[in-house]
Amino acid sequence: MSKNTNMRKFLTGAATVALVASAVAPVASASSTFPDVDANDTHAANIEKAVKLGLIKGKDGLFMPYNDITRGQVAIIIARYLGDVDTTGTKQFTDVSAKENAELAESALVVRAAGVFNGSNGAFNPYKSITRQEMASVLVRLFGLEDLADKTSAVTDNATAWEVHRENINILSENGITNVAQFNPLNNINRAQFASFVIRAIENAETISSGVAGFVFDSGVPVVGAKVTVGGKTAITNAKGYYKLLNVQPGTQKVTIQAKGFETVTVSDVKVLEEQVSTLNKDIVDAKIDTSKIEVSGMVIDSETGAAVDKASVTLEKYNDKTGTWEAVAAASTKLGAYSIGQSDADPDLILGAEYRQTVSKVGFKDFVQTITLDDQKVVNTLKGIKLDVIAAMDIAGTVTDASGAKMKNANVSIYDMNGVKVGSDKTDANGLYSVAGVKLVGGTYNIVVDHASSAVSYTEFNVVEGKNATHNVKLEKGNTITATIGTESLSDVFGANATDADTAEYTLELVSGKTVIATKTVAGAEGKNDAALAFSFDRIAPGSYTVKLSGDYVVAKEFAITVDGNETFEGRAMPAGALNGVVNDGTIGIKGSEVKLVNASGNIVATVTTDADGKYSFTGIPAGDYTVSASADTFIENSLASKVAISKNQNTDTTLSLEKVVTTGNVSGFARLSGSLSAAKNATVTYYDQDGEEVANATVTATGSYSLSGLKAGMYDVVVRGAGIETLKTTQTIEAGKNLTKANYNLTPGGNASLKISVVDSKGQPVNVASKGFDLTDAYVDPTSPEYGVWEEASSATDSVTIKNLSAGTYNLAVDVASDKFVDVKTTATLATGEAGKLVIVVDEVAAQSKVNFRVVDKSNANVDGAYVVVFNEDGSMKDVFTTTNGTAELALVDGKYTLAVYHNGNVVAARELTVAGKDLTVPVIQLSPLQ
């Protein structure tokens, strides 16, 4: 079978160790003293190990070893073992809710992201007991266990298992994680049995040592949560920036490092030796992403000749979901074929990972259009070269004759595309011939306009096939005259009434054939008098069907159909109208590009315009009546005039609309109540944390159970609800800008009644005073850089012991700052069950009782090694200290106990030494690093 590529972490830097063995005496619940666990039980020792590692916990002082373990409980155990896992983009199971069980929800995401559990049809079935065959597949995926060719499975009842699990059951047996013949695949597994299976799997994994380990830094500062991948396996760096990946195939491997705010770093030539761990320490400061340097670049060439295309236009557009259109963001021009669009060229800014439409244009070439997606980790986007296809040249020629067939000399011939852009022109010779040679047109429909003073202007369409010469003859017709009069629809109305804004208004009339404007006339009202009608005329009009379009500031736009087969006289009627001019501002300055809508009394939008550079807008040709005017603009709140606007015929109305900046924050409120009784969780605190773990807002629950928070920036937050008498709840909440979320309610589990008695003693069991410094206890949700909530501090009232009450179940970080300089300060963790009265005895190291550990690190030439990272691991595998060497050594002192000293230096195998400190200074034999060769 192929190697599993899921995340694996092992004892060294894997699970959070609940209690540091060298400094802390066990809490009662984290030991073999569970009253319901027989010390002679075959699983007792493994239960002890699993509890000590913080993987499995009891409840109400009991372990319940013979209870079936559920899929959800297994997920929680595995999530504790894996530690930090990147769950970005992982979809939650449909039957798991953070409000119902926050730890289960987080764990379900972790195991799904790690590929350990996949669920069925989107569901997880967290409360269903897990069978032994399912457990076998979970452990194989979790630890990446392989089919061992030189081993044979001892399981004899594998045929009773489902086919999908059979191979994995054999793999468990081959790897020594089960040694029974009767595996009973379909039976459920209990808590005690699972403890043994998971501990044996961990210990089995630890025996496989080929791998890579080291540190990830940013200018010497540890990078926490970086994802390090090698050989299909992934680890997450801990608080020290440390990672370790075992069971990596020996040979030359590629290591990738991904961290938030950094480009992906790849080290492609890391050597991994058989049964050795290679060192890779990496400072990724040079990979920091500076979004101000985002750029898009590329090369444009002629697809036929390969020559660079100079002065081609390159534009980037971004899709606007609101308007449903592509909008220009940036533009550039090629120079010797190359182009580059930087952040300084863009408005708005280019965004990592965003999608854009890119268009490359050049006269004589076909447009090149593509959709691109910017890299989400790198600022430099060098696109694949673009080949522009040359438009094949063609000749368009023809003969122009008059109505009698006579050849027309000096007729002006113009060719337009369907957007009205002139693409070629010529003048006929004495034989009526015209020729537009070498014109480059893409296939499609074009319009030829022929103008000669003795005939009607001719407008004809013809189709072009790219590169194929075309002949288009034009026969001119006799020119006709259209004489028209347009009066008002009501006999009592007039156009441009005297003493009104419209007294000297101008009116525009267009004669249109299809989509082509044949002729345009402007008619001005007579000053100082009422205009009962508008008179106009067109001449040199060819026979055919036309539309006359009337428009103007003070007339309702109207279209009239007319057929010309000779000189025509036309009469029509239209409605006088009003106009509306205004400004959209922010209270002071006009807002450019604001969208202004005019809405009639029926609620229909009758017109939409965009403000100019000064924020001005204008609506013309508005029928008299009452209207509503509204305006909107990016980063502003849409606003409407408070009252209706009355539009009168032949009058202009002025308006001003002021917009307020868009609110970028939102508000949230709701109730926090205890499940069951539904009583208010009075004085509980609701704290919001941003994605960097920083506290941003908090609220206290009132006597009625309500709480509210305002001014939260839009985005996703972690929410932690804490308080006396409740179990701490963690969930997530998304805040939308400008919106009030009013039903963010929390159903809290009664509890919060655990306590932790912390005592500090020396190595002889004598109390040690902590009074002037104190105890600092924080829960797992606190960012240690700036905690305000989830913090318990005891100093002045504490001596050698303190009891902290009203604690929720969970894991806590504890720092003990001893008053006397004779003792070493301690940092550790403690885990409590609901209602547990935990007791934690901390044995502090006496400075005088520490033994100096002398060591020296040298290279293969016996020269002292500077800058090597030296890690001291406690006996239980937890990381105690990290040092860097100067002149091959560092100051190190340890109290009695067993330790592992490991040295990490690039280009070398990890060197490890087992230490036993026993009451006297210790000199470690010289540690000579072995190069990766």
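Val164 has its place in helix α5, residues 163-174; helices here (H or I, at least four residues) and strands (E, at least two) are DSSP runs, numbered from the N terminus. This is a predicted model, in which local features need pLDDT of at least 70 and side-chain atom pairs count only at pLDDT 80 or more, while totals for chains, interfaces and linings use all residues. Residues are numbered from 1 along each chain as its sequence is written, and side-chain values use heavy atoms, with hydrogens and water left out.

Is Val164 buried or exposed? Val164 counts as exposed because its relative accessibility is 60%; the cut-offs are under 20% relative accessible area for buried, over 50% for exposed, and partly exposed in between (1.4 Å probe, protein chains only). Together with Trp162 and Leu186, Val164 forms a nonpolar patch on the surface, and the three share about 350 Å² of accessible area. Accessible areas come from the Shrake-Rupley method with a 1.4 Å probe, and for residues only the protein chains shown count as cover. Patches take residues with over 30% relative accessible area and no salt bridge, joining like charges within 9 Å and nonpolar side chains (Val, Leu, Ile, Met, Phe, Trp, Tyr) within 5 Å.

## Salt bridges

Side chains of opposite charge can pair when their charged atoms come close. How many salt bridges does a search of the whole structure find? The search gives 13, where a salt bridge is a side-chain nitrogen of Lys or Arg within 4 Å of a carboxyl oxygen of Asp or Glu.

One of them joins Glu466 to Lys366, with the closest N and O atoms 3.0 Å apart. This pair links distant parts of the chain, 100 residues apart: Glu466 sits in the loop between β24 (458-464) and β25 (470-471), and Lys366 in the loop between β15 (355-361) and β16 (368-373). Glu466 is partly exposed at 28% relative accessibility, and Lys366 is partly exposed at 32%.

## Bridges that involve strands

Arg540 and Asp451 form a salt bridge whose closest N and O atoms are 2.9 Å apart. Here strand β30 (residues 533-541) holds Arg540 and strand β23 (residues 444-451) holds Asp451, so distant parts of the chain, 89 residues apart, are linked. Arg540 is partly exposed, with 27% relative accessible area, and Asp451 is partly exposed, with 30%.

Lys558 and Glu489 also meet through their side chains in a salt bridge, at 3.2 Å from N to O. Because Lys558 lies in strand β32 (residues 558-564) and Glu489 in the loop between β27 (480-488) and β28 (506-513), the pair ties together parts 69 residues apart in sequence. Lys558 is partly exposed at 30% relative accessible area; Glu489 is partly exposed at 42%.
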